[in-house]
Amino acid sequence: FCPRRSVLTVACEQTEVLLFDPISSKHIKTLSEAHEDCVNNIRFLDNRLFATCSDDTTIALWDLRKLNTKVCTLHGHTSWVKNIEYDTNTRLLVTSGFDGNVIIWDTNRCTEDGCPHKKFFHTRFLMRMRLTPDCSKMLISTSSGYLLILHDLDLNKSLEVGSYPILRARRTTSSSDITSSGSSGPRAVSSPCHQNDSGPLSEKHLSRSSQREGGSPRNSLEVLTPEVPGERDRGNCITSLQLHPKGWATLLRCSSNTDDQEWTCVYEFQEGAPVRPVSPRCSLRLTHCIEEANVGRGYIKELCFSPDGRMISSPHGFGIRLLGFDAQCRELVDCLPREASPLREIRSLYSHNDVVLTTKFSPTHCQIASGCLSGRVSLYQPKF
């Protein structure tokens, strides 16, 4: 959705981008050859400019006022480009792809030939990348079940191998696990990032300034293996990653490595630097979860928060489920449980004849869109 205009854009498998007026449900335009391969993601930079990314390894910039031609095409990735983020403070475009690279594009100096760019970060098995609403953190999910968090984010500084401090990481826990952990200590995990050090995530990576001040330096990296219900002893893949609009929590869609189970999980951000450099940070705590129908195995289902953060829309078979933190759809901060609790199903909506792969709330109207594998787009809005 365009943030302040009545435009819905749809990324399609067959090189197309569709544009609709979501209020009237009218089709506006089809960009039939937007890319040379599948279009994966669309991100509005403002009320007229938007970016698309594709399996053809490129990113394209478009202007709603002149859709016959691209503003420019950006080359830099070497594999499928899957995610686009935008820092409105610096006007830097951030993309990630299956080449494992996160690339920064300077849209302040954009020309017809493209934008100046640099590789910001690299990790193996990269699936999705998101920025928090205030752009203070970058979250990266991987197909191997890791969740990477870059704290106190500085996009102007490229991160070469070994140049970033690493905070000791552990599996995320519920509050009861934290209080009962005692002296057993955290379970350290090895990093999916390429490193030259032979040991796991040790405190020697922390900068001297961090040790003096007790806080985290810019772009400090935390590596977590988020707890997934029923998956303590099994691997899992984090396929979808979204962030609460107020930056309070992250929303994950996880599947088991045998692909026989899927879960929607909500993790609350626990702010604050480690008490001392050798203590674990563990920034996330599992608060809510629900098992999903694993229909259409092998396809990624993109879920989302509502604009106020009180509801979650999640693909569920041939439809979507509207989920809340409790039956009254209260704010997350008003109903935080002591232990992980089930998400409450508010309502299910079914109008597709194929597996639903994506869903999105309108930022300006009381409306939800969903798209399925066969290409149909459905719009839902309540009757008053």
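Which residue in β3 is the bridge partner of V17? The partner is L31. The model discussed here is predicted. The points below take up strand pairing, the nonpolar cores and the salt bridges.

- Strand β1 (residues 8-11) runs antiparallel to β2, and four bridges join the two. Within this pairing, T9 stands opposite L19 of β2.
- The hairpin of β1 and β2 has five residues between the strands, and T15 there takes a positive phi near 65°.
- Strand β3 (residues 26-31) also pairs with β2, in the antiparallel sense and over five bridges.
- Four residues lie between β2 and β3 in their hairpin, where S25 in the turn shows a positive phi of about 65°.
- Strand β2 (residues 17-21) is largely enclosed by the rest of the structure, because four of its five residues are buried.

**Nonpolar cores**

- The largest nonpolar core holds 19 residues, of which V94, V102, F120, F121, M138, I140 and L155 touch the most other members.
- Elements giving two or more residues to this core include β9 (92-97), β10 (101-106), β11 (117-122) and β16 (220-224). The largest share, three residues, comes from β12.
- Leaving aside residues up to four places away in sequence, L155 touches D87, L92, V94, I104, K118, F120 and M138.
- Another core, of 17 residues, lies apart from the largest one and has L147, I238, C254 and L286 among its members.

**Salt bridges**

- The whole structure contains 18 salt bridges.
- One of them joins D63 and R48, whose closest N and O atoms are 2.7 Å apart. This pair links distant parts of the chain, with D63 in strand β6 (residues 58-63) and R48 in the loop between β4 and β5.
- D63 counts as buried because its relative accessibility is 10%, whereas R48, at 32%, counts as partly exposed.
- E292 and R253 meet through their side chains in a salt bridge of 3.8 Å, N to O. E292 belongs to strand β20 and R253 to strand β18, so the pair ties together parts that are 39 residues apart in sequence. Both E292 and R253 are buried.
- The side chains of D326 and R330 form a salt bridge at 2.5 Å, N to O. D326 has 9% relative accessibility and therefore counts as buried, while R330, at 37%, counts as partly exposed.
- A single network of salt bridges with shared partners joins R253, E262, E292, K301, R321 and E345.

Key: Residues are numbered from 1 along each chain as its sequence is written. This is a predicted model: local features need pLDDT of at least 70, side-chain atom pairs count only at pLDDT 80 or more; totals for chains, interfaces and linings use all residues. Side-chain values use heavy atoms; hydrogens and water are left out. A nonpolar core is a set of buried Ala, Val, Leu, Ile, Met, Phe, Trp, Tyr and Cys residues joined through side-chain atoms within 4.5 Å. Buried means under 20% relative accessible area, exposed over 50%, partly exposed in between (1.4 Å probe, protein chains only). Contact means heavy atoms within 4.5 Å. Two strands pair if DSSP finds at least two bridges between them. A salt bridge is a side-chain nitrogen of Lys or Arg within 4 Å of a carboxyl oxygen of Asp or Glu.
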